[in-house]
Amino acid sequence: EVLRDPVQAAECEHAFCIECIQGWLNEHQTCPVDRTALTQSDLKPPSRILRNIHKKLVIKCDNVEFGCATSIKLELLHNHLNDCPYNPKRPVTCSQGCGIEVPLDEMQKHNCIQQLRNTLMAHIYTLESKLSACEAEIERLREVRNQTPITGDNLNQAGPSSARESGAKPHNLSDEEIRWCQSLDEGRVRRWGGMISTPDNVLQGHIRRSLQDSGCPARLLNELMNYSHERKWPGGLNSLEMRQVNRVCYEQYVTRRVPGRQAVVVLYLENQHMDSPFIRNPGMVLIFAHGID
């Protein structure tokens, strides 16, 4: 066992996992080792010496329970996990005929015929959604035409992109929230097939802490994390079948990298060009097993 996301006590310099010490400090106001007075504000990042010792530790791969016997330095673990052949979420291509990529741990129950049927139905759903959106836009334009004299000035104002070009803040984002959004580095997703659609509470907790450490305002943080699981995603992402059909559409996303994590934030603020089945307001968190630059 090694420290995960280590922090140090400012006075006694004892080191702890951030999650462990925060749980302890919720009940006590002392260091669990020597009982020196300690609060959340007394925690600091580990010293350089501790960081160097920590990253040189040799540990077993996280996928040891799935058969990986690799022992590796902690600083190299992240790159190893991206390519580990025992990673249960590693996307593999079906060799039985359909050629679809599915997570390794779902391959045993994969059914090509059912998969292709679901893919077809998902494609039909996507086309029907786009058709409905087009019909609604046609109806809106008809109403504009019937209610407004057609002149050069108001014809420009009636365009479907006018709301997007107006600079209005979607979801009433504050200036602080917009500045935080723009402070994140742009992300690039190399493998959309590596998406983790059902992250557990531990993984979601790591992502939440990284966003919090980056300065994400609390209200926006809670809303983004609420949309980090497929059960809360829009129709274009909320099932494996839909993701297989719509993967090409995801290349149009503007994404921001979650610092230090294989995850991105897809903000409504920057993705108003996407159709409604592909975006949530104010945004979503997409977590990956690997493939984020």
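E9 and E10 pair in the antiparallel sense, over 2 bridges; strands count as paired here if DSSP finds at least two bridges between them. Across this pairing, Arg-257 stands opposite Val-264 in E10. Strands and helices are DSSP runs (E, at least two residues, for strands; H or I, at least four, for helices), numbered from the N terminus. The model is a predicted one, so local features need pLDDT of at least 70 and side-chain atom pairs count only at pLDDT 80 or more, while totals for chains, interfaces and linings use all residues. Residues are numbered from 1 along each chain as its sequence is written, and side-chain values use heavy atoms, with hydrogens and water left out.

The pair belongs to an open sheet of 4 strands, ordered E8-E11-E10-E9 with antiparallel pairing. Strand E8 (195-196) and strand E9 (256-257) sit at the edges with a single partner strand each, so one side of each has no neighbour in the sheet. H8 packs on the sheet and touches E8, E10 and E11, where contact means heavy atoms within 4.5 Å. The direction of H8 makes about 120° with that of E11; axes are lines fitted to C-alpha atoms, for helices over the stretch in contact, and angles run from 0 to 180 degrees between N-to-C directions.

Helix H9 (residues 218-226) has Leu-220, Leu-221, Leu-224 and Met-225 as its buried residues. Buried means under 20% relative accessible area, exposed over 50%, and partly exposed in between (1.4 Å probe, protein chains only). Seen down the axis of H9, these buried residues fall within an arc of 130°, so they line one face of the helix; the arc is taken from the directions from the helix axis to the C-beta atoms. They pack against helix H7 (175-183), helix H8 (201-213), strand E10 (263-267) and strand E11 (283-288).

A salt bridge is a side-chain nitrogen of Lys or Arg within 4 Å of a carboxyl oxygen of Asp or Glu, and the structure holds 12 of them. In one, the side chains of Arg-219 and Glu-177 meet at 2.9 Å, N to O. Arg-219 lies in helix H9 and Glu-177 in helix H7, so the pair ties together parts 42 residues apart in sequence. Arg-219 is partly exposed at 36%, whereas Glu-177 is buried at 4% relative accessibility. Arg-219 forms a salt bridge with Glu-223 too, the closest N and O atoms being 2.9 Å apart; these two are 4 residues apart in helix H9, about one helical turn.

Another salt bridge joins the side chains of Arg-261 and Asp-5 (3.4 Å, N to O). Arg-261 is in the loop between E9 and E10 and Asp-5 in the segment before E1, so this pair ties together parts 256 residues apart in sequence. Both belong to a salt-bridge network that links Asp-5, Glu-19, Arg-209 and Arg-261.

The loop between E10 and E11 holds Asn-271, which is buried at 0% relative accessibility. A polar atom of the Asn-271 side chain lies 2.7 Å from the backbone nitrogen of Val-254. Leaving out residues up to four places away in sequence, Asn-271 touches Gln-252, Tyr-253, Val-254, Val-266 and Ile-279. Pro-282 lies in the loop between E10 and E11 as well, and a cis peptide bond joins Asn-281 to Pro-282, with omega about 15°.

Technical notes:
A polar contact is a pair of N or O atoms within 3.5 Å; within protein, one must be able to donate a hydrogen and the other to accept it, and residues adjacent in sequence count only if both atoms are side-chain atoms.
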